[in-house]
Amino acid sequence: MHTSDLHLESLGERGCQDFTSLILAAGQTKADLVVIAGDLFDSQRVKDDLIDFMVEELRNLPAQVVILPGNHDCLTPASAYGRSTIWEDCPNVRIFRSPEGETVKFPDLNITLWGKPVMSYNDVISPLEGIPRPEGNGCWNIAVAHGFYIGNDPPYAPSYQITRREIVESGWDYIALGHVPVFKVICDEPVLACYSGSPQGSGGFLIVEFDEETGIKWRRHPTSF
Ligand SMILES: [Mn+2]
């Protein structure tokens, strides 16, 4: 299951319903892996009680969860990911923490993931720069990136740019994009790359199935409560 841009702020607000919906959808779809492609939180000023609530909910999921810090919830020491050690009590949740990008492997799921977090509010990164070649070991290779897709256009913004060439030449199987809150298939072949959209922006979650026989298929799953 692929989602992004929930922009959670505090317990009780609308975004928090989206998080509850995420937990429900992961259960309904029997997701093996939940990928959150950035901006799970709206800022680093989130309250501890929201973090405690989320970790408890995520810990109870029968799924692995991978979180990429985006530009709103970048990996500062004061961020939800930086200031609390509570994440360590949630063994099924992994956070991309390596500034140069990081590979996370789930051998049981036959999945390898790569993602590069935003490290600070003035960080200038190219989300797919430095992505390694896929290992070709029979695993499904999923990259996670938070930024603007700019196609073949010349750069018009200083940061978070993702080009068509980077996607196509990566050689990875699927690129889970975040930052734009509206669902969109950015690239179909030879690399599938999609913005999942946010639960509010697009009204749902993206379910991506990886199957040796039928290949990679996506479908939308509605937000529900
Ligand atoms: Mn963003």
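Why does His 179 count as buried? His 179 counts as buried because 22 C-beta neighbours lie inside 10 Å; the term buried applies when 20 or more other C-beta atoms lie within 10 Å of a residue's own, with C-beta atoms placed from the backbone.

This is a predicted model, in which local features need pLDDT of at least 70 and side-chain atom pairs count only at pLDDT 80 or more, while totals for chains, interfaces and linings use all residues. Residues are numbered from 1 along each chain as its sequence is written.

An open sheet is formed by 6 strands in the order β5-β6-β7-β10-β12-β11, with mixed pairing. Strands are DSSP runs of E with at least two residues, and helices are runs of H or I with at least four, numbered from the N terminus. Two strands pair if DSSP finds at least two bridges between them. Because β5 (102-106) and β11 (184-187) each have a single partner strand, one side of each is left without a neighbour in the sheet. From one strand to the next, the twist averages 25°, taken between axes that are lines fitted to C-alpha atoms, with angles running from 0 to 180 degrees between N-to-C directions.

Strands β10 (residues 174-178) and β12 (residues 192-195) run parallel and are joined by 4 bridges. Ala 176 has Cys 194 in β12 as its bridge partner.

Most residues other than glycine have a negative phi, and most peptide bonds are trans.

| Residue | Phi | Loop |
|---|---|---|
| Asp 5 | about 55° | between β1 (2-3) and α1 (14-28) |

The peptide bond from Glu 189 to Pro 190 is cis, with omega near -5°, and Pro 190 lies in the loop between β11 and β12.

Notes:
Buried ≥ 20, exposed ≤ 12 C-beta atoms within 10 Å, placed from the backbone.
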